[in-house]
Amino acid sequence: MVEVTSNQPPGTPTWIDLGIPDIQRAKEFYGTLFGWEFEEGPPETEGYTMCLLRGQPVAAVIQNPDPNATSFWWNLYVATDDADGTAKHIADAGGQLVVAPMDAMDAGRLAIALDPTGAQFGLWQGRLHPGARIVNEPGALAWSELRTPAADAARTFYQAVFDYTLEPMQAPDVDYTVLHRRDGQIVGGIHGVADAQSSSWISYFEVEDTDAAVLRVLDAGGTCPAEPQDSPYGRIAAVEDPFGVEFRVITSAQNPPG
């Protein structure tokens, strides 16, 4: 368990939010799955709703502004102490800004970008809101992973933008790179999947029991395309919410390798 009381170091996955067509349906699903409670922001936030674990924000949901949208995803925000400077690094490294740096009232400063593989992510320069206040415990974000058919391009880009140290995983027939931020802390991974149809950041949420969580997903109207799998790092299941948003649930191993 980690409780976060201040801004995370640059390069840390620090916040996630979800834009979907039905906030009430999202509350029902994620409340059932993770036990979250919800707090809608003031009118000027356009319904930006905090997802609370033990009264602390761990994620958010918002009404998707595009009535014609057909695909949705958890959007990952990476911590920075200079959103404008990091946005310039993104452009210089071959990425594309979707939303230029802007203030989110007094909560912080954000930007939204696409990396060269087409995966969307955000930047977050926290002020009053440092990001997720709880991580690595049931109901909270536990891991962030880019799944892409263009792993080489992704590694080059994220190393240039966030100064990550890249550590290839030593496993046969697996293209996986662990990302270390400047102080050496592991913060995420890049999974090269040759036959992937697109690139996207996948959020992993910690749960007490992966199999029980899958049953809650199904009972709440989500799907689980494949059976849960054991790994050296824990028991993992790929699931989708009622809007088709893909994410993972994991019961982390008590003593993972390394």
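Helices (H or I, at least four residues) and strands (E, at least two) are DSSP runs, numbered from the N terminus. The structure is a predicted model, in which local features need pLDDT of at least 70, side-chain atom pairs count only at pLDDT 80 or more, and totals for chains, interfaces and linings use all residues. Residues are numbered from 1 along each chain as its sequence is written, and side-chain values use heavy atoms, with hydrogens and water left out.

Ser231 lies in strand 16, which covers residues 229–231. Along the chain, Ser231 and Ser199 are 32 residues apart. The C-alpha atoms of Ser231 and Ser199 are separated by 23 Å.

Ser144 belongs to strand 11. Its relative accessible area is 2%, so Ser144 is buried. Contact means heavy atoms within 4.5 Å. Leaving aside residues up to four places away in sequence, Ser144 touches Pro13, Leu76, Gly188, Gly189, Trp201 and Ile202.

Helix 2 spans residues 83–92, and helix 3 spans residues 151–162. They pack at an angle of about 150 degrees, and their axes are 9 Å apart. Axes are lines fitted to C-alpha atoms, for helices over the stretch in contact, and angles run from 0 to 180 degrees between N-to-C directions. Helix 2 and helix 3 are therefore roughly antiparallel to each other. Angles over 145 degrees count as roughly antiparallel, under 35 as roughly parallel, 65 to 115 as roughly perpendicular and the rest as oblique. The crossing of helix 2 and helix 3 is right-handed. In a right-handed crossing the near helix is turned clockwise from the far one by less than a right angle, and in a left-handed one anticlockwise.

Thr86, His89 and Ile90 are the helix 2 side of the contact, and they meet Phe157, Val161 and Phe162 in helix 3. Of the residues in this contact, four are nonpolar, two are polar and none is charged. Here Ala, Val, Leu, Ile, Met, Phe, Trp, Tyr, Cys and Pro count as nonpolar, Asp, Glu, Lys and Arg as charged, and the others, Gly among them, as polar.

Charged pairs were then searched for. Side chains of opposite charge can pair when their charged atoms come close. A salt bridge is a side-chain nitrogen of Lys or Arg within 4 Å of a carboxyl oxygen of Asp or Glu. The whole structure holds 14 salt bridges.

One of them joins Arg25 and Glu28, with the closest N and O atoms 3.8 Å apart. Both residues sit in helix 1 (residues 23–34), three residues apart, so about one helical turn separates them. Arg25 is partly exposed at 24% relative accessibility, and Glu28 is partly exposed at 42%.

Arg155 and Asp152 form a salt bridge in which N and O are 2.5 Å apart. These two are three residues apart in helix 3, which means about one helical turn. Arg155 is buried at 14%, whereas Asp152 is exposed at 56%. Elsewhere, salt bridges that share partners join Asp84, Asp103, Arg109 and Arg127 into one network.

Arg54 forms a salt bridge with Glu137, the closest N and O atoms being 2.5 Å apart. This pair links distant parts of the chain, 83 residues apart. Arg54 is in the loop between strand 4 (49–53) and strand 5 (56–63). Glu137 is in the loop between strand 10 (134–135) and strand 11 (141–148). Arg54 is partly exposed at 47%, but Glu137 is buried at 11%.

Notes
Buried means under 20% relative accessible area, exposed over 50%, partly exposed in between (1.4 Å probe, protein chains only).
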